[in-house]
Structure formats: C-alpha cells, structure tokens
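These are my notebook entries on the structure shown below. I set down what I looked up, entry by entry.

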Amino acid sequence: MKTYLFSFEKLDVWKDAHALVLLTYTATKKFPTSERFGLSNWMKQSSLDIATNISLGSGPIPRKEQVEFYTKAYSAGMVLLNQALVARDLGYLTVEHCIEYRIHLEMVTGKIQALKKSVV
C-alpha cells in the first residue's frame, strides 16, 4: 500500500517545524512537575501552532488566507522563543538548549517568511 503525502508533508518548513515540536516535547519533559500545566504546556502548544498553521496554510484556500496562516505560524515562533527565554531564565532550559531553539526557530521562521512571499 502506497502512502499518500499531503502537500504540507512535502514542505521542508513543515518538516523543520515538526522537528521543533519533537524538540519541545523532549525539552519540556525535564521541567518541574509544577510547570506541567504552565510553561511546559504553553511551549508545547506554541510549537504545535507553528506546524499546524503551516499545514493549514498549504491547503486549497485563497492566497490571502494562506498568508494569514503563515503569519500566525511566524507569530507562534516568536511566542515560543519568548517562552524558551523565560524557561532558560528560570533554569528549566540550559543556555545551550536555548541557543538550539533560537537557531532552529531562525531557520523555521525564515522559511515561513519565504513561503509567505511565494504566495503573495
């Protein structure tokens, strides 16, 4: 049986965003249990929002809506970076892990911006 790939699954930016989700879930496992429904949950949701909005923007929808979804994905990336910085300052993330987030987010948000420009 051959597996059908949806259009978003073919996008490098979605693949990178998906990897960021996995990175976030791995990183937040080490957070204190008191943060289970706080910062940990917010970071997971923000990372999921990036990948989700990229997938929503890649569907058969008008260009204006595509741009809106890609803008939301970019914004979710900024939220995730802010949350990673807070986690770093609270001692939940190491400086190295925070740098890894920043590098990965710069790559993903740059690709989101390029994707957004391609549909305008």
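**Entry 1: cover of H4.** I began with the buried residues of H4 and found that their cover includes H1, H2 and H3. I take helices as DSSP runs of H or I with at least four residues, numbered from the N terminus. Buried stands for under 20% relative accessible area, exposed for over 50%, and partly exposed for what lies in between (1.4 Å probe, protein chains only). Packing and contact rest on heavy atoms within 4.5 Å. In H4 I listed His97, Cys98, Tyr101, His104, Leu105, Val108, Thr109, Ile112, Leu115, Lys116 and Val119 as buried.

**Entry 2: basis of the model.** I note that the model is predicted, that local features need pLDDT of at least 70 and side-chain atom pairs pLDDT 80 or more, while totals for chains, interfaces and linings use all residues. Residues are numbered from 1 along each chain as its sequence is written, and side-chain values use heavy atoms, with hydrogens and water left out. The pLDDT is the predictor's confidence in each residue, from 0 to 100. I read a mean pLDDT of 93 for the protein, with 98% of the residues at 70 or above. Of the protein's elements, H4 has the lowest mean pLDDT (93), and helix H2 (residues 39-57) has the highest (97). Where pLDDT is low, predicted coordinates should not be read in detail.

**Entry 3: helix lengths.** I compared end-to-end distances with an expected span of 1.5 Å times one less than the number of residues. H4 has 25 residues and reaches 36 Å from its first C-alpha to its last, close to the expected 36 Å. For H1, 17 residues should span 24 Å, and the end C-alpha atoms are 24 Å apart, which agrees. The 27 residues of helix H3 (residues 63-89) should span 39 Å, in agreement with the 39 Å between its end C-alpha atoms. After H3 I found Gly91, with a positive phi near 85°.

**Entry 4: buried faces of H1 and H3.** The buried residues of H1 are Val13, Trp14, Asp16, Ala17, Leu20, Val21, Leu23, Thr24, Ala27 and Thr28. They pack against H2, H3 and H4. In H3 I recorded Gln66, Phe69, Tyr70, Ala73, Ala76, Gly77, Leu80, Leu81, Gln83, Ala84 and Ala87 as buried. Helix H1 (12-28), H2 and H4 are what these H3 residues pack against.

**Entry 5: Thr24.** I then looked up Thr24, which is found in helix H1. Thr24 is classed as buried because its relative accessible area is 0%. With residues up to four places away in sequence set aside, Thr24 touches Met43, Lys44, Ser47, Leu80 and Tyr101. The C-alpha atoms of Thr24 and His104 are separated by 11 Å, although the two are 80 residues apart along the chain.

**Entry 6: salt bridges.** I searched the whole structure and found two salt bridges, each defined as a side-chain nitrogen of Lys or Arg within 4 Å of a carboxyl oxygen of Asp or Glu. Asp16 pairs with Lys111, with 2.5 Å between the closest N and O atoms. This pair links distant parts of the chain, with Asp16 in helix H1 and Lys111 in helix H4, 95 residues apart. Asp16 counts as buried because its relative accessibility is 16%, whereas Lys111, at 30%, is partly exposed. Asp89 pairs with Arg88, the closest N and O atoms being 2.9 Å apart. Asp89 is exposed at 57% relative accessibility, and Arg88 is partly exposed at 32%.

**Entry 7: Tyr74.** Which residues does Tyr74 contact, leaving aside its neighbours within four places in sequence? I found Thr109, Ile112 and Gln113. Tyr74 lies in helix H3 and, with a relative accessible area of 27%, is partly exposed.

**Entry 8: a surface patch.** Lastly, I noted Val95, Ile99 and Ile103 as a nonpolar patch on the surface, with about 280 Å² of accessible area together. Patches take residues with over 30% relative accessible area and no salt bridge, joining like charges within 9 Å and nonpolar side chains (Val, Leu, Ile, Met, Phe, Trp, Tyr) within 5 Å. Areas come from the Shrake-Rupley method with a 1.4 Å probe, and for residues only the protein chains shown count as cover. Val95 lies in helix H4 (residues 95-119) and is partly exposed, at 48% relative accessible area.

Methods
Helices (H or I, at least four residues) and strands (E, at least two) are DSSP runs, numbered from the N terminus.
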